[in-house]
Every structure is written in C-alpha cells, then in structure tokens.
Amino acid sequence: AQSFGITKEVLRMRMKGSASLFYKKNWRNTMDSVKNLRIRVIDRFQHIMSLWTWNKDTIDEAPIIPVVRGTDSSKAWKIVGFGFSAQSVDDSGNYGKGIYLSTHACYCLKYLKDVKDPCIVISLALPGNPYPVIEHPD
C-alpha cells in the first residue's frame, strides 16, 4: 500500500509539473468525425472515477479506480505475485500490446468462455492520462 501511495504521488506531481508531457488533452482539439464519441467516452470514464469517494478531491490528479482482468488461474496468481506486465507474448490485444483492464466484470466474461480455469483479478489502478480509444461507428 505504501508503494502504491508513492506511485500515486509521483504521477500526480508529473501531471501537475509537466502537463504537456504527462497530461495531454490535445485530442480534444482535433476535428475528426469521432471527436464527440471520444468526449462521451472520457466523460463516462470521469463519471466512473467520481463514484469513488477517495477521488473526491483528486478527480484530475491521479485518481484511483477499481478494475478487473479476466484470465486463467495460473496467470492470475502470477499477477498477484508480481503485478501486471505489458510484456505479453501470447496476446497482442485489439488495440496493440498492453494491459487490458475493465471497470465492468461482465465485460471480462466473454474473454473467459474458452479458458480452462477462469479467474477475474480485481485490483486498483492509477489510470494517469487516459486516451479515449473508441471503435469507429462506420
């Protein structure tokens, strides 16, 4: 818990001290056809952050949100023991390599249908500066 608090404070200081690097919002200035959809996604994300009382005074300064990840039990125990890793060799994901998390456990279920020993890992996350990735409506 202490290292999580330190990580949160470092992220908060980076976001405040060097916003152009750690807290970019320039995607809002684009005029692409999906800008309004991106704004709806980020507004929904901010709503989720606001649901947790511990984010009351820090909604724009490194909020903490509960997240879930569906995986098999073997990988789940590795996550518990060593943390998440973006060094995936078996899953490049829909949007490239990364750590895929959700705020909704039901969303994870569709990825667990063919998993032999399924598990859902529940953890806390510091999302930093989220970029609203969306699927193009066309």
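Good morning. I begin at the surface, where Leu51, Trp52, Trp54 and Leu124 form a nonpolar patch with about 420 Å² of accessible area together. A patch here joins residues with over 30% relative accessible area and no salt bridge, nonpolar side chains (Val, Leu, Ile, Met, Phe, Trp, Tyr) being linked within 5 Å and like charges within 9 Å. A salt bridge is a side-chain nitrogen of Lys or Arg within 4 Å of a carboxyl oxygen of Asp or Glu. Areas come from the Shrake-Rupley method with a 1.4 Å probe, and for residues only the protein chains shown count as cover.

This is a predicted model, in which local features need pLDDT of at least 70 and side-chain atom pairs count only at pLDDT 80 or more, while totals for chains, interfaces and linings use all residues. Residues are numbered from 1 along each chain as its sequence is written, and side-chain values use heavy atoms, with hydrogens and water left out.

Trp54 counts as partly exposed because its relative accessibility is 44%; buried means under 20% relative accessible area, exposed over 50%, and partly exposed in between (1.4 Å probe, protein chains only).

Turning to the overall fold, the chain has five helices and two strands, in the order α-α-α-β-α-α-β from the N terminus. Helices (H or I, at least four residues) and strands (E, at least two) are DSSP runs, numbered from the N terminus. Of the 138 residues, 24% count as buried.

What makes up the largest nonpolar core? Its seven residues are Trp27, Ile42, Phe45, Met49, Ile65, Val67 and Ala125. The elements giving two or more residues to this core are α3 and β1, and α3 supplies the largest share, three residues. Such a core is a set of buried Ala, Val, Leu, Ile, Met, Phe, Trp, Tyr and Cys residues joined through side-chain atoms within 4.5 Å.

Leaving aside neighbours within four places in sequence, Trp27 is in contact (heavy atoms within 4.5 Å) with Arg38, Ile39, Ile42, Pro130, Tyr131 and Pro132.

Finally, I come to helix α4 (residues 73–82), where Ser73, Ala76 and Ile79 are buried. Seen down the axis, the buried residues of α4 fall within an arc of 115 degrees, so they line one face of the helix; the arc is that of the directions from the helix axis to the C-beta atoms. These buried residues pack against β1 and β2 (118–125). On the other side of α4, Trp77, Lys78, Gly81 and Phe82 are exposed. Thank you.
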